[in-house]
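The following exercises concern one protein chain. Please examine the sequence and the structure before reading each solution.

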Amino acid sequence: MPASLSRAHTHLSNAEALELAQQAPTILRKNPKAISSSPLQFLFSSPESIELWTIYENLLISCLRTGDDDSALRCLERLVLRFGDQNERIMALKGLVKEAQASNHNELEAVLKEYNDILKENAAIIPIAKRRVALLRSMGKAPEAITALTSLLDVSPTDAEAWAELGDLYLSQGLYAQAIFAIEEVLVLVPNAWNMHAKLGEVLLMAANQGADAVPQKHLAEAVKRFSRSIELCDDYLRGYYGLKMATDKLLSEAGKPSKQVMDKEFHVPDTATLEKLNQLATAKLGEMVRRNTAQEAGWQGYDASEITAAQELLAKSSSSVVR
């Protein structure tokens, strides 16, 4: 059985999902479903593997992603038979299948109504609450999705995934201050998440570029700190080095300009020498990543092609500005 089936489905690329979905009929045929949900049947049957039900769930989602509704339903049938209709995770998977099969807006609204009805009876069913948020967002109802997420966080305030989604929703609406707050909450819960440190740096950089603060240097200085922390935690994190170069480029270009004073003891722009060292580090590391990835060196092929292209463009832009 493919090893990727035991991984979280969010980490599967479209190509991997398609490959798995194509194998679904064979996998299902080799693993016939149980004929009874009786406890005695499970007692005398062969032991379940630890990964079996994760495999069925991932296979179900891969099939939905590729339009194989028949195989997805067969996976769902086995999960329902094993865990029952009232299992919270199974309820969410059933809703996901209905969302995938919906052919028009009215059918999606009907699924949304089902979610609302379930949550009226019990607002603490987290998988259904998350499906409602995802459905609202897919339907273009961002304000309603934000309201639904804040309600979810009232019930489960330590859900880092929900805070991250809320930050992304706020960002989609141009609400930078709120997005920054939500991502900071993520980092309170998972302080070593290097990708979220870089994400916060990116939002701070966007806020500075959009003039979302009277003193953009404050956002830029904090962005430098966040990007620096992300690469401290993960030495080969391309987005961290990319953001660090952008933030230091911006601060260095404004080094000679007068800056507004701000009454904030925690606000401190690094000195020019420190910024130049960080900029040189980011430039060198990005150049190495691009060079080794382009040369197809082993261990350097995990980067997204679009990120490599963006790094190449940033380095080229930097080089041209130095020449001028």
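**Exercise 1.** Among contacts in the protein chain between residues at least 6 apart in sequence, what percentage joins residues at least 24 apart?

*Solution.* The model is predicted: local features need pLDDT of at least 70 and side-chain atom pairs count only at pLDDT 80 or more, while totals for chains, interfaces and linings use all residues. Residues are numbered from 1 along each chain as its sequence is written, and side-chain values use heavy atoms, without hydrogens and water. A contact means heavy atoms within 4.5 Å. Of the contacts between residues at least 6 apart in sequence, 59% join residues at least 24 apart.

**Exercise 2.** State whether Glu 99 is buried or exposed, and identify its partners.

*Solution.* Glu 99 belongs to helix α5, residues 88-101 (helices are DSSP runs of H or I with at least four residues, numbered from the N terminus). Its relative accessible area is 13%; because buried means under 20% and exposed over 50%, with partly exposed in between (1.4 Å probe, protein chains only), Glu 99 is buried. Leaving out residues up to four places away in sequence, Glu 99 touches Leu 108, Val 111, Tyr 115, Arg 131 and Leu 135. With Arg 131, the side chain of Glu 99 forms a polar contact of 2.8 Å (a pair of N or O atoms within 3.5 Å; within protein, one must be able to donate a hydrogen and the other to accept it, and residues adjacent in sequence count only if both atoms are side-chain atoms).

Definitions and conventions
Helices (H or I, at least four residues) and strands (E, at least two) are DSSP runs, numbered from the N terminus.
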